[in-house]
Amino acid sequence: MDNYIVSARKYRPSTFRDVVGQKALTTTLKNAILSQKLAHAYLFCGPRGVGKTSCARIFAKTINCMNLTADGEACNECESCRAFNEQRSLNIHELDAASNNSVDDIRSLIDQVRIPPAIGKYKVFIIDEVHMLSSAAFNAFLKTLEEPPHHAIFILATTEKHKVLPTILSRCQTYDFARITIADTVEHLEYVAKSEGIQAEPEALNVIAQKADGGMRDALSIFDQVASYTNGNITYQAVIENLNVLDYEYYFQLTETILNGNIRGSLLLLNDILNKGFDAQNVINGLASHFRDLLVCKDEATLILFEVGASIRERYKDMARRCPDTFLYKAIELANTCDLNYRASRNKRLLVELTLIQLCQLTRPAEEDKKKASIEAINQNQTPNPAPSKPATPSRPTPVTTQIPPKQTQPVTPPQTATKPQPQRHTARPPMSTSLKNIAKAQMNTEGAQASTMSKADLQTPFTEEELIESWNAYANSTDKKIFLKNLMLNNPPKLQDNFYFEVVVHNPAMQEELFNNAINILGALRTRLKNTHIQMRVRISEGNEKHLAYTSAEKYEHLVEINPLLEKLAKEFDLRAD
């Protein structure tokens, strides 16, 4: 019992070859040692438990080894290596900056830097958690770090690189350690289990690796904990019970109820999970990860992102075939939104239940699709029949789009009433009320929908200017929410010209712009009412501005000055402005 050593210490790497998941960095360090191109300062940064301090110790031992191997590893047989392994080497100094972060601690370290090594070539100073040093300690350390003695090498290790001063970073070679992958962690855990004579299921080790989140030290600590719980027989069920991890079986059942649209079943399953002591946020996070795993299982190209154990890989593939891509996209989005709102929610369980209800509704036909189908059916079945009319004179086809000439164009003189052809009128016109009512119920724009329907038939029913003005005013009176447009149309009636064109004369660019913005709806309504798809509109600004609706402040001032010139002198004396 007294000789027991935890796995994190017992299986701590002693050579670069033993370091897990950092092959690129260890290769770089070994090549630097073999080529004797050593920097005077290194910065090892990365998450906890990924091998920063271990690599620093291995590096310190290797550069002082008297008999290096061909691949740049320490021999572990010379006096320097034995002294290091027995923890009695005087060439390696470690400083924990978390508890020794004052200026005096750094000054004491600087005093030791001046003393050359008794055995070997270098003295290595490892400062762990270097970001914890105070600003004064950093400043005291700068000069020594920049120009140390030739026998001194500094290795700084930190988990929070952003807290290290830029002046320190610029003096070091930086090595970023990555999180250890699940595959590498599982492989190392299998090696430890085999060395310790422990039976372990691959799925159980996979759960441990996921729980460790890329840290080998955490993975070995969890391994020891579970091994004690199972008495040397690590199973998947024992791991999820000991670590309070939600079984993936629940996620498969939840996905099944969601695909079937079974809202009550999903709520009962959630209640069963919560009764086992699991947190609702962990449930929704696990469900989002489950949907993500299903998504990456749908394509061989993304299968490399799948980090679940191989024994249930086929089950994930079978479930993924039943899930459409659009369903998985929306499901992941809903689960992520629930996770973001979870902390701010007062009724957290209701929030999760509401998310499950929304997920169950994803597989049901959307109401918007039903409305869209009904609207399309109305448009196809309610096309108005044009009234019979005599054939129109053949002419060049006229485009349906609105033609707006440049501002201040020369007005077009309308044809004389006496020479205008009077078309033969029909006493009755097909009623349009039924189609308009149905389309309004479908919540579509009435005039736009009618124009779209009428454009399918080439109608050229003649009409008079009186009928044009009547339809124009009818549309104006229907736009109660657009007061400016309504008054504009009522005060500026159209004038009919040839080829079904009509012209509207306005008094300023704002009026012209308003008619231009609403031209599509106006023409749609007129073409429907008058049963003519060739109606076009021209808008121009009156050059004489015959109908001045309102005076500006400057115009009022000029008018008053014409009446009484003394007002201009008064305005200059008191520095008054007309606006």
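Start by selecting the loop between α10 (216-230) and β7 (233-234), where you will find N231. Keep in mind as you look around that this is a predicted model. N231 is not a glycine, yet it has a positive phi of about 60 degrees. Is N231 buried or exposed? With a relative accessibility of 72%, N231 counts as exposed.

Now select N499, in the loop between β8 (495-496) and β9. Here too the backbone has a positive phi of about 60 degrees, although N499 is not a glycine.

Zoom out for a moment and show the whole chain as a cartoon. How many helices and strands does the secondary structure hold? There are 26 helices and 10 strands. The chain has 579 residues, and 42% of them count as buried. Among contacts with a separation of 6 or more, 75% join residues 24 or more positions apart.

Next, go inside. In soluble globular proteins, nonpolar side chains tend to be buried together. The largest nonpolar core here has 69 residues, and L287 and F291 are the ones that touch the most other members. Which helix gives this core its largest share? Helix α14 (residues 280-296) does, with 8 residues. Select F291 and display what surrounds it: leaving out residues up to four places away in sequence, F291 touches T255, I258, F327, L328, A331, I332 and L359.

H290 counts as buried because its relative accessibility is 2%. Beyond residues up to four places away in sequence, H290 touches Y251, F252, T255 and Y316.

Step off the helix into the loop between α14 and α15 (313-321), and select C297. C297 is buried too, at 9% relative accessibility. Try the distance tool on C297 and A320: they are 23 residues apart along the chain, and their C-alpha atoms are separated by 6.3 Å.

Now jump ahead to helix α22 (residues 483-491) and color its buried residues, L485, L488 and M489. Why do these three lie on the same side of α22? They cover an arc of only 95 degrees around the axis, which puts them on that one side. An α-helix has 3.6 residues a turn, so residues three or four places apart point the same way. To see what covers the buried residues of α22, show elements including α21 (465-478), β9 (501-506), α23 (509-517) and α24 (519-530).

For the last stop, return to the surface and select L560, I563, L567, L570, F574 and L576. Together they form a nonpolar patch with about 590 Å² of accessible area. Helices α25 (553-563) and α26 (566-573) are the elements that give two or more residues to this patch. Finish by clicking I563, which sits in helix α25. I563 is exposed, because its relative accessible area is 60% and the cut-off for exposed is over 50%.

Technical notes
Residues are numbered from 1 along each chain as its sequence is written. This is a predicted model: local features need pLDDT of at least 70, side-chain atom pairs count only at pLDDT 80 or more; totals for chains, interfaces and linings use all residues. Side-chain values use heavy atoms; hydrogens and water are left out. Buried means under 20% relative accessible area, exposed over 50%, partly exposed in between (1.4 Å probe, protein chains only). Helices (H or I, at least four residues) and strands (E, at least two) are DSSP runs, numbered from the N terminus. The arc is that of the directions from the helix axis to the C-beta atoms. Contact means heavy atoms within 4.5 Å. A nonpolar core is a set of buried Ala, Val, Leu, Ile, Met, Phe, Trp, Tyr and Cys residues joined through side-chain atoms within 4.5 Å. Patches are made of residues with over 30% relative accessible area and no salt bridge: like charges are joined within 9 Å, nonpolar side chains (Val, Leu, Ile, Met, Phe, Trp, Tyr) within 5 Å. Accessible areas come from the Shrake-Rupley method with a 1.4 Å probe; for residues, only the protein chains shown count as cover. A salt bridge is a side-chain nitrogen of Lys or Arg within 4 Å of a carboxyl oxygen of Asp or Glu.
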